[in-house]
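Hi,

Here is the structure I promised to pass on. Please open it first, then read my notes below.

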Amino acid sequence: MLDKYKREINYLRVSVTDRCNLRCIYCMPKEGLSLIGHDDILKYEEMLRVVRIAQKLGIVKVRVTGGEPLVRRGVTDFLAELGKTGLEDISLTTNGILLESFAGAIRRAGVCRINVSLDSLDPERYARITRGGRLSDVLRGLEEAERVGFSPIKINVVTVRGFNDDEALTFARLTLEKPYEIRLIELMPIGGEKGSDEKYVSNDELMERIARLGTLHPIERGKRERNFSGPARRFRLEGARGVIGFISPISHNFCHACNRLRLTADGGLRACLMVDGEIDLKGPMRSGCSDEELEQLILRAIVNKPLGQQKDGAADDRHRRKCVREMPTIGG
Ligand code: SAM
Ligand code: SF4
């Protein structure tokens, strides 16, 4: 299904919960987080209904996210149900804290790919950036994910100046020995400590630093790969087993090629991460709307999907545009 800017919308991100077992500094406020009431969180059946109807409109890929998806009870059963819908690709983003015990079940449920968020390889720093997380839990989770056969495993690293940007090199070096795809993500002005523009570090700067380690060979992608590996610019360091991806929503925004819709944990269908405005699906579903009516609502979100952060003004935009919703509700 094409939107009015001729973008093919085929990817839905589903936030199954706004709850999380961590409190990353860039994602959640230190305190005063307003959680969605339990009754207002979409039930799994409601999420599955949205997915099935969205499939009719061309959605072929779903990513399950949150909050932390693994803290919601019943998530592996939900993933298994999702696996029966005939989607081409089901993926999951997790902070990895509970991954050691869930990896096998997630894989059996039919999840094709996982992304694990990990911003530091230093235990103390990791605890600070996540406000209390234990690095060893994530490392065990990664090992287990590898053991049960996830491949490739992608690691999301959000870089925060003065906090972990010096670790970009450490993560890059990790690709020399491990077959991971390290994805360096630019900090976005959404969630957490808003107004932290001085903490932003551009991927161009990181790429320059990493290039001093060795030649970065660009990885060409076919159409299918472009569809499934999203907006990352990907490189392999000379002789490396793994890959380094640069995801640069601020310095090189990819709005012109954005293929995503987002289903928030409380049932809003959101066509753009950075432009507020959602279509409520929960209300109509709970008032007994028909599948045809639901389809029309989803169609409206697709057709009216905004262009996003405008043109070449991305760097300026980040000062102006602050998303009013919290990241965990929307799902990143
Ligand atoms: N809890 C899971 C996790 O951390 O992977 C899934 C949800 S989290 C909101 C999804 C992704 O969004 C994570 O990779 C996280 O690092 C990223 N994220 C959260 N806040 C961000 C921000 N302000 N800028 C850039 N990425 C952010
Ligand atoms: Fe939780 Fe993920 Fe947000 Fe960190 S980034 S607070 S793990 S939802």
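Start at ligand 1 and Ser117: an oxygen atom of the ligand sits 2.5 Å from an N or O atom in the Ser117 side chain. Bear in mind that this is a predicted model. A nitrogen atom of ligand 1 lies 2.9 Å from a polar backbone atom of Met188. A nitrogen atom of the ligand is also 3.1 Å from a polar backbone atom of Tyr26. How much of ligand 1 does the protein bury? Taken alone, the ligand exposes 550 Å², and 95% of that is buried by the protein.

The shell around ligand 1 has 17 residues. Gly67, Ser117, Asn156, Met188 and Ile190 come nearest. By class, the shell splits into 7 nonpolar, 8 polar and 2 charged residues. Two strands to look for are strand 3 (89-94) and strand 5 (153-159): each gives the shell at least two residues.

Find Arg125 in helix 4, residues 123-129. Is Arg125 buried or exposed? Arg125 counts as buried, because its relative accessibility is 18% and the cut-off is under 20%. Its side chain makes a polar contact with the side chain of Asp166, at 2.9 Å. Beyond its neighbours within four places in sequence, Arg125 touches Ser120, Phe163, Asn164, Asp166 and Glu167.

Now zoom out. The protein has 12 helices and 12 strands. Its C-alpha atoms fill a box of roughly 60 × 45 × 45 Å along the principal axes. The radius of gyration is 19 Å; a compact globule of 332 residues would have one near 20 Å, so the two agree. Buried residues make up 56% of the 332. Among contacts with a separation of 6 or more, 74% link residues 24 or more positions apart. The exposed surface comes to about 14,200 Å², with carbon and sulfur atoms supplying 50% of it.

Over to you.

Best wishes

Terms used: Residues are numbered from 1 along each chain as its sequence is written. Chains are lettered from A and ligands numbered from 1 in the order in which they are written. This is a predicted model: local features need pLDDT of at least 70, side-chain atom pairs count only at pLDDT 80 or more; totals for chains, interfaces and linings use all residues. Side-chain values use heavy atoms; hydrogens and water are left out. A residue is near a molecule or strand if one of its heavy atoms lies within 4 Å of it. A polar contact is a pair of N or O atoms within 3.5 Å; within protein, one must be able to donate a hydrogen and the other to accept it, and residues adjacent in sequence count only if both atoms are side-chain atoms. Accessible areas come from the Shrake-Rupley method with a 1.4 Å probe; for residues, only the protein chains shown count as cover. Helices (H or I, at least four residues) and strands (E, at least two) are DSSP runs, numbered from the N terminus. Ala, Val, Leu, Ile, Met, Phe, Trp, Tyr, Cys and Pro count as nonpolar, Asp, Glu, Lys and Arg as charged, and the others, Gly among them, as polar. The radius of gyration is taken over C-alpha atoms; the globule rule is 2.2 Å times the number of residues to the power 0.38. Buried means under 20% relative accessible area, exposed over 50%, partly exposed in between (1.4 Å probe, protein chains only). Contact means heavy atoms within 4.5 Å.
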